[in-house]
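This briefing goes through the structure shown below. Read it with the model open, and find each part as it comes up.

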Amino acid sequence: MTTTLIKNGTVVDPANKVHTRLNLMIYDGKIALCTREEPAADRVIDAQGKIVAPGFIDVHMHEGGRNEDQSLDTSMFLAELSMGVTTALGGNCGNNAFVSAAQYLDYVDRIGIPINLGLFVGHTDARQRAGGVNKYGPIDGETTRRMLHNLEEELAAGCIGVSFGIKYTPGTTFNELLEVGSLCKRMGKPISAHIREDAAGAVDAVREIAEIARLLGIQAQVSHIGSMAGYGQMEEALGLLDEYRMNGVNLGVDCYPYDAFSTEIGETTYDEGWLEHYHTTYESIELCDGPYKGRRCTEELFHKLRREAPGTITVCHVMIPQEVELALTHPSVMVVTDGFLHNGQGHPRAAGTFPRFLRQYFRSGKITLDEAIAKISSRPAERFRLAGKGRLNVGADADIVIFDPDTIAEASTYDNPVRPPIGIDAVLIGGETALWNGQVENGTLGRALRFR
Ligand SMILES: [Zn+2]
């Protein structure tokens, strides 16, 4: 087994409160030595002038499904790798790419994907499979029983917890949330929620999830708060979470650094009344795929696509930038992508989130480098108990990103959502080189993470 030395870099490791020039020796996939000496190694990486940090961790993304030829759509995982992400959690907002999340994890281990992956099992999918076909209505006792059975199987097979997409399944009652939450409590698993309502309804929706966590004593995550409360409700929503947390409730919250959300045009988001709800016009919608890619919507186009192509991906430019900033500078908020790509199309957050966050918040001086790195490595690892991740002490997994603090920036745009960022020099996964000078060197180093 070979040794690798990363030398001359500035190691920033918030979990260990380290920010200093240190050399790291890697052996057998782990950090084997942290030293100011320069021991001999089979391979030496000179990180002079660069930051050496734990690989970034994205606890809210959407894993790819199958391509037409049945191969796995790995475009989202490649986008993550290009940003310095080494571990991600998918299966969010109630949905999974495969019928069985556990089988997806097995598949990941068989083929190897660009990054390490854990999965939530989605409540919406499990509810549908159990026979809850009407997303606007409640489910009966028998359907609930089948759904819980399915969720339990998936959790037992190693899914990290249950995700909800309540906004997209408005028939979900508070009682149904409690039933699923009770299962999670019994199995020691967290829940993660795209909450019931955004904009004017966001604060009540935050309270609903906080109440579930309080009543059951379980861990809950409020997903992408920017797109939920970024319309004038942010201060109140964050304040409410702070209050609950100070009373012992186990709550986390995350956000992506963009003031536009993304979803399919057929979703409940665009049901009757959405224009008033967001105080906006049809033109706030940008169409991201199909024959109208790049075009702003019109009333006529909106109704046509809702009818004929409800899967069309949209980006909706409606959030208030200052509200997103309020979230991202709050000490409890972690940074996530919420990224999803279909055939390389989607929102630029998929391939831009982490470099953009570092550019907008660290490089501009809004927060320190240590705080920025904490939000994208140590805090998510701690919160979701990702053993060996998000830190660089001896014994930790050698999942590492080396980047240039002076140039790091996103390059993805609404026109080109997958253009790789600038300033990411190298990404190592388990001590092996996954990305070198912006080029993918090995896209199969990622493994499934299972939680039992
Ligand atoms: Zn969501």
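A residue counts as buried if 20 or more other C-beta atoms lie within 10 Å of its own. Tyr 256 has 32 C-beta neighbours inside 10 Å, and therefore Tyr 256 counts as buried. The model is a predicted one, and the points below are grouped by topic.

**Tyr 256 and its surroundings**

- Tyr 256 sits in the loop that runs between S15 and S16.
- Apart from neighbours within four places in sequence, the residues in contact with Tyr 256 are His 224, Gly 226, Val 336, Thr 337, Asp 338, Arg 349 and Thr 353.
- Gly 446 is 190 residues away from Tyr 256 in sequence, and the two C-alpha atoms are 23 Å apart in space.

- Strand S16 takes in residues 261–264 and is covered on both faces.
- On one side of S16 the buried residues are Phe 261 and Thr 263, and on the other they are Ser 262 and Glu 264.
- In a regular strand, side chains alternate between the two faces of the sheet.
- S16 pairs with strand S18, residues 313–316, in the antiparallel sense, and four bridges join them.
- Val 315 in S18 is the bridge partner of Ser 262.

**Helix H6**

- Helix H6 is made of 15 residues, 202–216.
- From first C-alpha to last, H6 reaches 22 Å, close to the 21 Å expected at 1.5 Å a residue.
- Which residues of H6 are buried? They are Ala 202, Ala 205, Val 206, Ile 209, Ala 210, Ile 212, Ala 213 and Leu 216.
- These residues lie on the same side of H6 because they cover an arc of only 150° around the axis.
- The cover over the buried residues of H6 includes the helices H5 (174–187), H7 (225–229) and H8 (234–246).
- Strands S13 (191–194), S14 (220–222) and S15 (251–255) are also included in that cover.
- Gly 217 follows H6 and has a positive phi, near 70°.

**The two domains**

- The domain assignment of the protein chain gives domain 1 as 55–259 + 319–386 and domain 2 as 260–318.
- The C-alpha centres of domain 1 and domain 2 are 23 Å apart.
- To the contact, domain 1 gives 13 residues and domain 2 gives twelve residues.
- What classes of residue make up the side of domain 1 that touches domain 2? That side has six nonpolar, five polar and two charged residues.

Technical notes
Residues numbered from 1 in each chain as written. Predicted model: local features only at pLDDT ≥ 70, side-chain atom pairs only at ≥ 80, totals over all residues. Domains from an automatic or database assignment. Contact = placed C-beta atoms within 7 Å. Nonpolar A, V, L, I, M, F, W, Y, C, P; charged D, E, K, R; others polar. Helix = DSSP H or I, 4+ residues; strand = E, 2+ residues; numbered from the N terminus. Expected span 1.5 Å × (residues − 1). Buried ≥ 20, exposed ≤ 12 C-beta atoms within 10 Å, placed from the backbone. Arc of directions from axis to C-beta. Pairing = 2+ DSSP bridges.
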